[in-house]
Amino acid sequence: MAGASRPIRTFTVLPHLPERLQGLQKLAYNMWWSWNHDAVMLFRRIDDDLFTEVENSPVKLLGQLSQRRLDELVADDGFRAHLDRVEAALNRYMSSPTWYQETYGDRKPIRIAYFSAEYGIHESIPIYSGGLGVLAGDHLKAASDLGIPLVGVGLMYREGYFRQYLNVDGWQQERYAENDFFNLPLIPETKADGSPLLVSVPFPGRDVWARIWRIQVGRVPLYLLDTNIPQNSPEDRAITGQLYGGDADMRIRQEMILGIGGVRALRALGKEPTVCHMNEGHSAFSGLERIRLLMEEHHLDFASAREAVTAGSCFTTHTPVPAGNDVFPPHLIDHYFSGYMHQLGIDRDEFLGLGRQNPRDHNEPFCMTVLAIRLANVTNGVSALHGKVSRKMWRNIWPDLPEAEVPITSITNGIHTRTWIAPEMSQLYERYLGVQWEERPSDHTIWKRVDHIPDAELWRTHERRRERLVAFARNRLKAQLRRRGAPPAEIARAEEVLDPEALTIGFARRFATYKRGTLIFRNLERLAAIINNKDRPVQFVFAGKAHPRDHGGKELIADILHVARRPEFRRRIVFIEDYDMNVARYLVQGVDLWLNNPRRPLEASGTSGMKVCCNGGINLSILDGWWVEAYALDSGCGWAIGAGEEYTDLHYQDDVESRAIYDLLEQEIVPLFYTRSSDGIPRGWLRVMKRSIGTNCPVFNTNRMVQEYTEKCYRPSAERYNLLAADNLAKARELAAWRRRLVQGWSQVRVEHVDANGADPMHVGSELEVTARVNIGPFRPDEVEVQLFHGAVDSFGDIPQPQAIPMSHNGDHEGSTWLYSGRIPCRASGQHGYAVRVLPKHPALANPFEPGLVCWG
């Protein structure tokens, strides 16, 4: 008889902790412990080896302790005092005043819901694949530190992301380990009678049910949906099986559970949001569900409900390449949403148009990023350069706008410093920067004190972390070799790999081909000479996973393995398998130099290099993503590969940029590292270290980032949502009616005549007066804004950095034609140009470009 048909009844077993140790349970179920070094040490103190064995999971640790060990802990007054101290610190953290209360405490309360398909909170909760998830985890931790009224929403995957191992040929293999939910810090959300709280999502011919789990991240609850429950068919139970597993059909089902199910879960929990923040396009269906709910509850039409929901939504795009955005063919949308379209009161073309850059192009697939942009009050990229790339990438949504004015802004990523900093560095900062650096990581005045740290002390601290990385790498390498069945002699030789005193360079990230993991191997002869210099040795530690279907990424990993096995590189190049947050911590805390060489501009931001900075490591990077901004702040805080060039000949680019890396290593980096004063300390290297810490730590952290999201996205969106939702959504209805009138009448708006009163050439300091007769059609003058669009003209006849000056009318008009005038100040010499244009204007609009209507003169 098949196991599935056996009548198995389940029950849950929890660890039985003595009353005096109950605080351990409380600490284990709040992820705050993961960024408090004293709390981590408390769990290590219980059983260091076992804690490592259970992947640093307090919940698993407590579940495996013997009664004898528990009795020993109760009798250990030193341990009891340590427990009391950590528990008191958690209580203090949860109840102390926060930045948000101090800044916005007197305003109307709001709630932000942060949606993400993955979260990297800690390696013991494997529901993340890489940078996007780790950023989401750091976002929640910073929101908790700052007291932002935010909740997280995601999916609880049965298997999460794959575990990586390499075969004898160096080819990546994937293993999917089942997550044991009852040995994770998951708190089941239940109804009053104690039964699981469930929500349903409409699928063709059935409802799919999901139960809700909670992970407490400091002050912030993270709600995770799980379809692996008896109420669903085996096919539907598999929806939350794997992160980024399966085909487009599985992806759309996951995204329906995340977006639609996520909104329904918040409603069932009584946590309805004022603002939804979509982290990547995976959760964009959440906007449609919020629209449907408003229509149902307030008897609204789709357009009016859309106005309110869009006002209360923010969207962050993370990918600079079109292939990275989820797209679905129309037949999949038809299959899953035909009934849903009916509930929204819109037809198929209008529904599909929400996900198309050109709604009238019936050959264009349905793109989740486009849907998210169309349903967002604010859209942002994740670095200044990525904002620019995104404006170019999505400009066709606003075809009449110049690229520079496409309404996509940027908020540069950061890291949660306390999660990533080594305990020894943290103690050093406390001694010399003061205890407030943890609470105020974005305070520049605190980080200026880095110069007070004695060179010898900073160097010794960093050397200890490098030694720890080398020991960790050797242990992992031995375990990898044993698993592959290597002979004992080869396993023993792993003890000789890496030198704890050599210049150590790290390269660890997702192995996508554009990140060029093997660029450093372009000239092996030259690399061998650098690496094997007897007096100045250099070594590399690599780690990273390729997506299971990314053949190119897997080939890069195999290439690294093949090079690392060559006799001249065997002791100097190591690849650590199964990259996760634990491996990342050892690397960013222990390397001297962090290598990053993507093809610009394909790195949206990158955050691994930021994690290196707070630990005293230095960056060697292409000027892409966040490093463009860091290097502009202080070019002495690290090294740039090239000067921000972009190439069409990729083979030539690889040649040029690999040579640049070798040149920098040979001529600057290696000599600086090995030039020592009489006491053996590299003073010049330490100067760069301190500049890197002082420049980057106060800027590239998630406290600054989340404060920026609050000020630029959350608060403005909440205020606009509250404005439109007031009085039974009267303003939303009014705005929707105005927008209908706008669309119908805009074709009648035209600039009839433009006149300039000034000589050519003009002189710097003078003003060019421009008048224009503008027919504003069926609109009032206060419903349009007439502007002078001007700036320096480039060689293509465009104005790449335009400025806009409002023109005013003096009341003169004939019918619907009004006379407008304005002045252009001549501030710089060169060729300048201008145009007159008309934009719609309404006090409730997010910005005048949002309707996408422009009349150019």
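**His 82**

I looked up His 82 first. In this predicted model, is His 82 buried or exposed? His 82 counts as buried, because its relative accessibility is 5% and the cut-off for buried is under 20%. I placed His 82 in helix H6, residues 77-95.

Next I checked what His 82 touches. I left aside neighbours within four places in sequence and found contacts with Asp 38, Met 41, Leu 42 and Arg 45. With Arg 45 there is also a polar contact: the two side chains are joined at 3.1 Å.

**Leu 24 and the cores**

Leu 42 came up again when I turned to Leu 24. Not counting residues up to four places away in sequence, Leu 24 touches Leu 17, Leu 42, Phe 43, Ile 46, Leu 62, Phe 79 and Leu 83.

I then looked at the largest nonpolar core, which has 175 residues. Which members touch the most others? I noted Leu 24, Ile 148, Phe 285, Phe 337, Phe 351 and Tyr 714. Helix H29, residues 702-745, gives the most to this core, with 13 residues. I kept the general rule in mind: in soluble globular proteins, nonpolar side chains tend to be buried together.

**Strand S10**

I went through strand S10, residues 313-316, one side chain at a time. Ser 313 and Phe 315 point one way. Cys 314 and Thr 316 point the other way. I found all of them buried.

Which strands does S10 pair with? Strand S9, residues 275-279, pairs with S10 in the parallel sense over four bridges. Here I found Asn 279 opposite Thr 316. Strand S13, residues 378-381, also runs parallel to S10, and three bridges join them. On that side I found Cys 314 opposite Val 378.

**Cysteines**

How many disulfides are there? I counted zero. I took Cys 613 as a check. The nearest cysteine sulfur belongs to Cys 697 and is 6.1 Å away. Cys 613 is in no disulfide, because a disulfide needs the sulfur atoms within 2.5 Å.

I also looked up accessibility. Cys 613 is buried, with a relative accessible area of 1%. Cys 855 counts as buried too, at 10% relative accessibility.

Notes:
Residues numbered from 1 in each chain as written. Predicted model: local features only at pLDDT ≥ 70, side-chain atom pairs only at ≥ 80, totals over all residues. Heavy atoms only, no water. Core = buried A, V, L, I, M, F, W, Y, C linked by side-chain atoms within 4.5 Å. Buried < 20%, exposed > 50% of the residue type's maximum accessible area, 1.4 Å probe, protein only. Helix = DSSP H or I, 4+ residues; strand = E, 2+ residues; numbered from the N terminus. Contact = heavy atoms within 4.5 Å. Polar contact = N/O pair within 3.5 Å; in protein donor to acceptor, adjacent residues only side chain to side chain. Pairing = 2+ DSSP bridges.
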